[in-house]
Amino acid sequence: MDNKLEKILNLVQNNPVDFCRFSEDNHQINPESRIKSISNIISKINIPKHSTILDIGTGYGYGAVLLNALGYNAIGVEINEAKLKEGMGYWSKLGIDFEFTNDLSSVINSSGKLAFSARDSKNLSDIPNSSIDMVTSFYLSGYMVGKNGAYCGVERILKPKGNLVVTTQGYPNTPEFLKEFTVNLMGKFMEPKYLKLTSTLTINDPLVHDKFVLVYNKSNKYKKE
Ligand SMILES: C[S@@+](CC[C@H](N)C(=O)[O-])C[C@H]1O[C@@H](n2cnc3c(N)ncnc32)[C@H](O)[C@@H]1O
């Protein structure tokens with residue numbers, strides 16, 4: 001196992017926390033299982049070194065914390081401020097350094113930085129055009145998708161070759177032979193404004209709760225007038 005991953009996993013294993021207050025499901029409240037799940041997904045995605053990654057709907061911050069622990073410049077945005085603050089309290093206790101800010105323009109190019117912002121991800125106006133290498137959104141909720149959903153501002157901030165990587169629980173009981181078809185159908189259905197589904201992945205590992213991974217790119221076809 002990667003040393004950096006091992007370090008963050010050891011930290012959370014040795015510091016159990018009760019995150020029940022804001023979560024309707026058991027999967028989100030266990031940092032160890034969430035970090036294992038997200039790290040498994042990340043290991044299957046090619047992320048260039050020194051990337052700046054925006055994690056939309058970061059919840060308690062798992063995705064952003066893990067990406068930063070792996071060496072990336074990571075920013076987590078979360079609409080539920082109380083939930084994010086609960087998470088930040090935990091990461092502070094663990095000695096993890098981060099900035100909590102309303103102005104993300106200052107943290108875009110600072111390498112190895114971790115930042116959080118409490119906001120609706122539709123509001124990304126402080127992030128310059130074409131400045132983000134990758135946007136992630138782990139374990140999305142259904143209401144986040146759609147024309148004016150959580151990803152509607154992503155196209156503007158992504159670099160030309162940047163990706164949006166979204167993971168979902170998918171349909172856990174989908175038979176093996178239908179998985180590829182289902183994940184593609186779901187990916188197309190969820191396609192955010194001005195982005196194009198370019199690849200999908202299904203994950204069978206029981207440790208990974210997010211079974212479907214959808215990858216979107218900027219597309220000229222969908223370019224604004
Ligand atoms: C199912 S949770 C996943 C949390 C986290 N990514 C994880 O992997 O555990 C989805 C999160 O997205 C947040 N969210 C939903 N819509 C959002 C929006 N428009 N902007 C920012 N966060 C949003 C919710 O508050 C919730 O915390």
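His-50 is exposed, with 12 other C-beta atoms within 10 Å; a residue is termed exposed at 12 or fewer such neighbours, buried at 20 or more and partly exposed in between, with C-beta atoms placed from the backbone. The model is a predicted one, in which local features need pLDDT of at least 70 and side-chain atom pairs count only at pLDDT 80 or more, whereas totals for chains, interfaces and linings use all residues. Residues are numbered from 1 along each chain as its sequence is written.

His-50 lies in the loop between α2 and β1, where helices (H or I, at least four residues) and strands (E, at least two) are DSSP runs numbered from the N terminus. The phi angle of His-50 is positive, about 65°, although the residue is not a glycine. Most residues other than glycine have a negative phi. Tyr-139 also has a positive phi, near 60°, and is likewise a residue other than glycine. Tyr-139 is placed in the loop between β5 (132–137) and α5 (154–157). With 21 other C-beta atoms within 10 Å, Tyr-139 is buried.

Lys-49 is located in the loop between α2 (31–42) and β1 (52–56). Lys-49 is exposed, having 7 other C-beta atoms within 10 Å. The C-alpha atoms of Lys-49 and Leu-207 are 26 Å apart in space, for a sequence separation of 158 residues.

Along the principal axes, the C-alpha atoms fill a box of roughly 45 × 45 × 30 Å. Buried residues make up 40% of the 225 residues of the chain. Of the contacts with a separation of 6 or more, 64% are between residues 24 or more positions apart; two residues are in contact if their C-beta atoms, placed from the backbone, lie within 7 Å.

The interior was examined in terms of nonpolar cores, each being a set of buried Ala, Val, Leu, Ile, Met, Phe, Trp, Tyr and Cys residues joined through C-beta atoms within 7 Å. The largest nonpolar core comprises 55 residues, of which Leu-66, Ile-75, Val-135 and Leu-164 touch the most other members. Helix α3 (residues 62–69) supplies the largest share of this core, six residues. In soluble globular proteins, nonpolar side chains tend to be buried together. Beyond its neighbours within four places in sequence, Leu-164 is in contact with Val-135, Tyr-151, Val-154, Leu-158, Pro-192, Leu-195 and Tyr-216.

Tyr-60 is situated in the loop between β1 and α3. Tyr-60 is buried, with 27 other C-beta atoms within 10 Å. When neighbours within four places in sequence are left aside, the contacts of Tyr-60 are Phe-19, Lys-83, Glu-86, Gly-87 and Tyr-90. The C-alpha atoms of Tyr-60 and Tyr-90 are separated by 8.7 Å, the two residues being 30 residues apart along the chain.

For helix α6 (residues 176–190), the 15 residues should span 21 Å at 1.5 Å a residue, and the end C-alpha atoms are 21 Å apart, in agreement. The expected span is 1.5 Å times one less than the number of residues. Val-183, Met-186, Gly-187 and Met-190 are the buried residues of α6, and what covers them includes β6 (158–168), β7 (195–202) and β8 (212–218). Glu-191 is found in the loop between α6 and β7. Glu-191 counts as partly exposed, with 19 C-beta neighbours inside 10 Å. Not counting residues up to four places away in sequence, Glu-191 touches Lys-196, Leu-197 and Tyr-216. The C-alpha atoms of Glu-191 and Asn-3 are 35 Å apart, at a sequence separation of 188 residues.
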